[in-house]
Amino acid sequence: MANSSHRIDRRSFLARTAATAGISVAGPLTALLSAGPSFPRRGRGPSPDYGPLVPAIDETTGLPLLMLPEDFRYLSFGWTRDPMNDGRLTPSAHDGMATFAAGKGRIHLVRNHEVGDGPDAFAPNLAYDPKAGGGTTTLEFDTNRGLLLSSWSSISGTVRNCAGGTTPWGSWLTCEETTLGSTDGDLTKNHGYIFEVPATGTELTAGPDPKPYNAMGRFSHEALAIDPATGWVYETEDGGSSSGFYRYRPTTPGVLEDGGVLEMLGIAGVFQADTRTNQNQEWRDVVWHVIDTPDPAVATGATSVYNQGRVKGAARFGKLEGAWYGNERIYFVASSGGNAGQGQVFEYDPANQRLRLLFESPSADVLNAPDNLTVSPRGGLVLCEDGDGTEYVHGLTTDGVIFRFIQNTVDLRTTPWNGFNSDFRSSEFAGACYSPDGKWFFVNIQSPGITFAITGPWGSGGI
C-alpha cells in the first residue's frame, strides 16, 4: 500500500499532466475516415515515404533478423536466457511493453512475459504466486549510445502477462490474460488481475506477497489505457468472440489500490449491441453498466465479469487486444472483428463518451489480426500483427495509408543464437512503443523472445 505522501504526489501529478499527457499529434485521425473502413488507400504495400522493406542486419548478432525500410537500423537485446543483473536468466514469451524517461539520455523499458502456470516463479522473492511462471522484467537503455545498460526482474508469480498500459504518474500496469484460480493445477492463488510496476524498480507492493488490484476486475485482461484528464482506466478483454470493453473509476484518482467502480461499455439505445460486423464509422453515444462483483470467486460462466455486464445490456466485441491513449482518445483493437474477421480499430472519445470504428481490415492481405498497438509521435498508429504466416508491424497513417513497416525474418536454423535453432518467422510482434523523445522504436518478437530497438529517418512517414 502506498504511503500518504506517495498518494498526494500521484494525485498532483495526474492533475498537472491532464492537459498534456499522452502523445501530441498533428491532428485527429479524422482524415482516415474518408478512406472508409474497407477501403484503405494503398493496401499492404510499402510506405510511400519510407519505401519498401529490405533485409537489415542486427548490430548485436550480425544476423538478418528483420526487414526494414532503407536507412533504418536496429539492435537486439534482452533475449530469452540472457543473464540479467540480478543474477537470473531472462524469461521467455516477451509481450507488452512501455518506455519511461530515466534521465540523461536513458530510459527504462518494462516488459511483460506471457508465461503460463507451468514453471515456478522466476523471481521467488517478487512472486505473487510461487507456482506461476509469468511476470515482468525491467531494462535500462541508453538512447544516446544505442546500448542496453542493465536488466532485472520486477514482478513474478503471475500468469500470462500479455499486455498492459502506462500511468501518467510513471508506472506500468501489467495484466494477466487468464481466469485460472487456486484450484487449477498447482496454483496457490486466484489469477486474472492487474498489478502495478514502477518504471524504476519492482512491483509497488513488492515483497513476500505482491497485491493485485482486485477492484479493477478478474477476467482475461489484455491491455489498458488511462485518460489523464480523469485518471479513469479503460481495459480490454481477450475473451475470444465474447469480449468486453471496461472502465475503472478509482475512488482516489491516481491511487488505483484504493478501490473504485468497474463498468462495461454499452451502446446507447441498443441492448446487447454486437460490434463484430456491419459497423459504420459514425460516432455512437455509449452508456456504462456497473459490474456488481468485479472479483468473482468463479470467473467463468454466469458469474463472469463479462456476463454480469452483458445481461445488463453491454456490448460485445471480438477478441479485444491492444489499447493506447493518444490525441485525447483511447484507441483499441478487436483482432478478430470485422466483416472479414481480420481486425478492427476503434476510437473512444472519453470527454464526450462516444465510440466509433476507425479502421477495419477487408482481408488478411491488408492486415491480418492486429494485436498490440501504439500511437506514434508523428501522428499515426502502429499495429503489431498476430495472424498466420509471416508476421509484420504495420503503420496506419492519419490519411488512411496502411503499410508494412517491419517484417520478421528470424530464422536461426543455420546460425543458432542463445541455444535457439528454429525458424521463428511466424512468431508475433508485441510491445510496440517509442522512447519519450520519439527517436527510438521498441518492439518484441514473442518467440524465442527478443527485444529490438529501431531508429532511422522518421521524417514524414506517418509513424
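Leaving aside neighbours within four places in sequence, Glu114 is in contact (heavy atoms within 4.5 Å) with Ser92, Ala93, Asp95, Arg160, Asn161, Cys162, Glu177 and Gln446. This residue lies in the loop between β5 and β6, where helices (H or I, at least four residues) and strands (E, at least two) are DSSP runs numbered from the N terminus. At 13% relative accessibility Glu114 counts as buried, the term buried meaning under 20% relative accessible area, exposed over 50%, and partly exposed in between, with a 1.4 Å probe and protein chains only.

The model is predicted, and local features need pLDDT of at least 70, side-chain atom pairs count only at pLDDT 80 or more, and totals for chains, interfaces and linings use all residues. Residues are numbered from 1 along each chain as its sequence is written, and side-chain values use heavy atoms, with hydrogens and water left out.

**Confidence**

The pLDDT is the predictor's confidence in each residue, from 0 to 100; its mean for the protein is 89, and 87% of the residues reach 70 or more. Over residues 11-28 the pLDDT is below 50, and this stretch has 32 contacts in the model beyond near neighbours in sequence. Residues 203-208 also have a pLDDT below 50, with 21 contacts in the model beyond near neighbours in sequence. Where pLDDT is low, the predicted coordinates should not be read in detail.

**Arg160 and its partners**

A polar contact of 2.7 Å joins the side chains of Glu114 and Arg160; such a contact is a pair of N or O atoms within 3.5 Å, and within protein one must be able to donate a hydrogen and the other to accept it, while residues adjacent in sequence count only if both atoms are side-chain atoms. The side chain of Arg160 also meets that of Glu177 in a salt bridge, defined as a side-chain nitrogen of Lys or Arg within 4 Å of a carboxyl oxygen of Asp or Glu. Arg160 lies in the loop between β7 and β8 (161-166), and Glu177 in the loop between β9 (171-176) and β10 (194-198), so the pair ties together parts that are 17 residues apart in sequence. Arg160 counts as partly exposed at 31% relative accessibility, whereas Glu177 is buried, with a relative accessible area of 9%.

**Salt bridges**

A search of the whole structure finds 21 salt bridges, and the table lists some of them.

| Pair | N to O distance |
|---|---|
| Glu140 and Arg106 | 2.3 Å |
| Arg160 and Glu177 | 3.2 Å |
| Asp292 and Lys312 | 3.1 Å |

The side chains of Asp292 and Lys312 meet in a salt bridge. This pair links distant parts of the chain, with Asp292 in the loop between β15 and α2 (305-310) and Lys312 in the loop between α2 and β16 (320-326), 20 residues apart. Asp292 counts as exposed at 56% relative accessibility, while Lys312, at 34%, counts as partly exposed. Salt bridges that share partners join Arg329, Glu347, Asp349, Arg354 and Arg356 into one network.

Glu140 forms a salt bridge with Arg106. That pair also links distant parts of the chain, Glu140 being in strand β6 (residues 134-142) and Arg106 in strand β5, 34 residues apart. Glu140 counts as buried at 13% relative accessibility, and Arg106 counts as partly exposed at 26%.

**Strand pairing**

Two strands pair if DSSP finds at least two bridges between them. An open sheet is formed by 4 strands in the order β4-β5-β6-β7, with antiparallel pairing. Its edge strands are β4 (94-103) and β7 (147-158), each of which pairs on one side only. Strand β4 and strand β5 (residues 106-113) pair in the antiparallel sense over 7 bridges, and His94 stands opposite His113 in β5.

Elsewhere, strand β14 (residues 255-267) and strand β15 (residues 284-290) run antiparallel and are joined by 5 bridges, with Met264 opposite His289 in β15. Strand β15 is also joined by 2 bridges to strand β19 (residues 354-360), again antiparallel, and Arg284 stands opposite Leu355 in β19.

**The loop at Ser447**

Ser447 is placed in the loop between β25 (441-445) and β26 (450-455), and is partly exposed, with a relative accessible area of 31%. Not counting residues up to four places away in sequence, Ser447 touches Phe424 and Ser427. Ser447 and Ser427 are 20 residues apart in sequence and 5.7 Å apart in space, C-alpha to C-alpha.
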